[in-house]
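Thanks for making time this morning.

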Amino acid sequence: MAERIRIGSRGSTLALAQTEEVVERLRRLVPECSVTVVPIVTTGDRDRATSLTVLGGSGVFAKELHEALLAGTIDLAVHSAKDLPTQLPPGLVLVAVLAREDARDVLVTSPPRKLGELPAGARVGTSSRRRQALLQRARPDLIVVDIRGNVDTRLRKLREGIVDALVLGAAGLRRLSQADLVAEYLDPDEFVPAPGQGALAVVARESDGRLELFSRLDEPLVHEAVAVERAFLAAFGSGCSVPLGAYATIAGNRLRFRIAVLLPDGRFIRQCLDWPREEAIERARELGLTLASREKPHVSQRTTDPLRGRRVLLVRPAGQETFLVERLRALGAEAVIHPLIRILPPEDWGPLDAALADLARFDWVVFTSANGVRATLERLRLLGGGSELLREKRLAAIGPATARALREYELEPDIVPDKFIAEAVATQLIARGVAGARVLVARAAEAREILPRRLEEAGATVVVVPAYRTELLPLDEAIQAALEAGTLDWIFLTASSTARALASALGDTKRLSDRIRIAAIGPVTAETARELGLRVDVVADTYTAEGLIEAVVRAERSSG
């Protein structure tokens, strides 16, 4: 039987071209394999208006791909290596780095002109803070414009005169067969590329029995150079908003390493170093830690950050913490990420498959989480259907995050209650009149029964199917010690499942230091936590991640 491999990719023309390189290599390795490319819309693709600095950096182009991997709907995820976070979710592994194209930045202008030839006041477009900082340093007389969108969108803005020039990656233009547009290749010693720029990264599940096959995609020299760049980035702080470039090249037994960093206090550091290859990763890590220590005094002096110095533990499933991490860091806090839940496929796809085959008979489809939306829609797609099959259905979403997940598939919910709990969904559905209606509820295997029970009491025929399940993960020793010693300040509980996961991981909730405060996203989560013996100090009034942060900020200000 032919090997069947599903490869997840962003849906842009460039991402698909990059993924095709991996597909071709796989087919050369295993000619009889069956390879399917699964386009997945990421946070960064959905929101092309917001600056990447605000939106959340590289993780916004990886989160949904990693969720699909963990859910089992794809077998490999292909990334631009520069978009891959340095910390992967538990259960995933960087199995290969390959196909590094030209890593340099390039200038695109019409008519062709070099950077030094642009007139003062020319508008140069880029979404990268690193490129913006390097441009302003090289030509402070230029106007740098924050410009988002795929390569074609950016080129169109150049043609329309919205900008006079663009700074792009050489690799992307080459992969799109548009290298003829380059007016100038920028010197990588001056315009130091982003860590991983030009290379492709392939991520797989650690539990996949085909890891040895997938690892044969790897190009060791490319992987080694990118590993050095990522070691520097991880040590400096992979979630930082500081403009940073890092670029390694290998010649024989030596590795040449260039960095460019603009610190918040205006200091600009550019270095070119030469190391023995066997020492390079450790040297890069040490350099990153040294430079990060120079940044910290500046950060610690900020007095307007309401969570300055606070350490917040996030235990929600991997890949779902991006918004909270960026908001916490913007407010001065340190986000400590330690997922205690893993999202997995249901034990049996049969019930969901049967319900999806019978969609025509349902009047309502109800989703109680974003995970449920994505698992259901991806399963529908794998079965040969599409989101259009749900457009004629009335849809209910438990809250704004679930509604946003539906909109990723161009589906608009009919119901999003003001209070984001199952009881509120039931109330609104009953108010619409569900007597005699058939209602499909796609949810986690472990969800509460309040919603289907209330709908059935109102006369509806309810079919509940598991779209995914959760697995509890243990605490590692360092986090366990921090919880007992009280060296964390807050724990965020974003759902009842996170409360159950924390209590299970602790074993005895009395092991938790009294110094640590717990914040719950809403009353249902708070009630679950209290029933499990956890003390809840803060409950959000608005049951969203933003509402949770606002509640904690208020608590800090009132106690400070």
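Let me begin with helix α15, whose buried residues pack against β17 (364-367), β18 (394-397) and α16 (450-457). Helices here are DSSP runs of H or I with at least four residues, strands are runs of E with at least two, and both are numbered from the N terminus. Buried means under 20% relative accessible area, exposed means over 50%, and partly exposed lies in between, using a 1.4 Å probe and protein chains only. A contact, wherever I say that something touches or packs, means heavy atoms within 4.5 Å. The buried residues of α15, which spans residues 422-432, are Ala 422, Ala 424, Val 425, Ala 426 and Leu 429, and just after the helix Gly 433 takes a positive phi of about 90°.

Before going on, two sentences on where this comes from. This is a predicted model, in which local features need pLDDT of at least 70 and side-chain atom pairs count only at pLDDT 80 or more, while totals for chains, interfaces and linings use all residues. Residues are numbered from 1 along each chain as its sequence is written, and side-chain values use heavy atoms, with hydrogens and water left out.

Next comes the open sheet of 3 strands, with the order β11-β12-β13 and antiparallel pairing; two strands pair if DSSP finds at least two bridges between them. Because β11 and β13 (268-276) stand at the edges with a single partner strand each, one side of each is left without a neighbour in the sheet. Neighbouring strands of this sheet are turned by 10° against each other on average, direction ignored; the axes are lines fitted to C-alpha atoms, for helices over the stretch in contact, and angles run from 0 to 180 degrees between N-to-C directions. Helix α5 (residues 129-138) packs on this sheet, touching β11, β12 and β13, and its direction makes about 110° with that of β13.

Within the sheet, β11 (residues 244-251) and β12 (residues 254-262) pair in the antiparallel sense over 8 bridges. Ile 250 stands opposite Leu 255, and Ala 251 has Arg 254 as its bridge partner. The two strands form a hairpin with 2 residues between them, and in the turn Gly 252 has a positive phi of about 65°.

A further helix, α9, lies across β11, β12 and β13 and runs at about 150° to β11. With 17 residues, α9 reaches 24 Å from its first C-alpha to its last, close to the 24 Å expected at 1.5 Å a residue, where the expected span is 1.5 Å times one less than the number of residues. Its buried residues include Val 222, Glu 229, Arg 230 and Phe 236, and just after α9, Gly 237 takes a positive phi of about 130°.

Which residues does Phe 232 touch, leaving aside those up to four places away in sequence? They are Leu 244, Ala 246, Phe 257, Ile 259, Val 261, Ala 284, Leu 287, Gly 288 and Leu 291. Phe 232, which lies in α9, counts as buried because its relative accessible area is 0%. Its C-alpha atom is separated by 9.8 Å from that of Leu 291, 59 residues apart along the chain.

Strands β1 (residues 4-9) and β3 (residues 76-80) pair in the parallel sense over 2 bridges, with Ile 7 opposite Leu 76.

Finally, the largest nonpolar core has 54 residues, of which Leu 483 and Ile 491 touch the most other members. Helix α18 (residues 496-506) gives the largest share of this core, 6 residues. Such a core is a set of buried Ala, Val, Leu, Ile, Met, Phe, Trp, Tyr and Cys residues joined through side-chain atoms within 4.5 Å.
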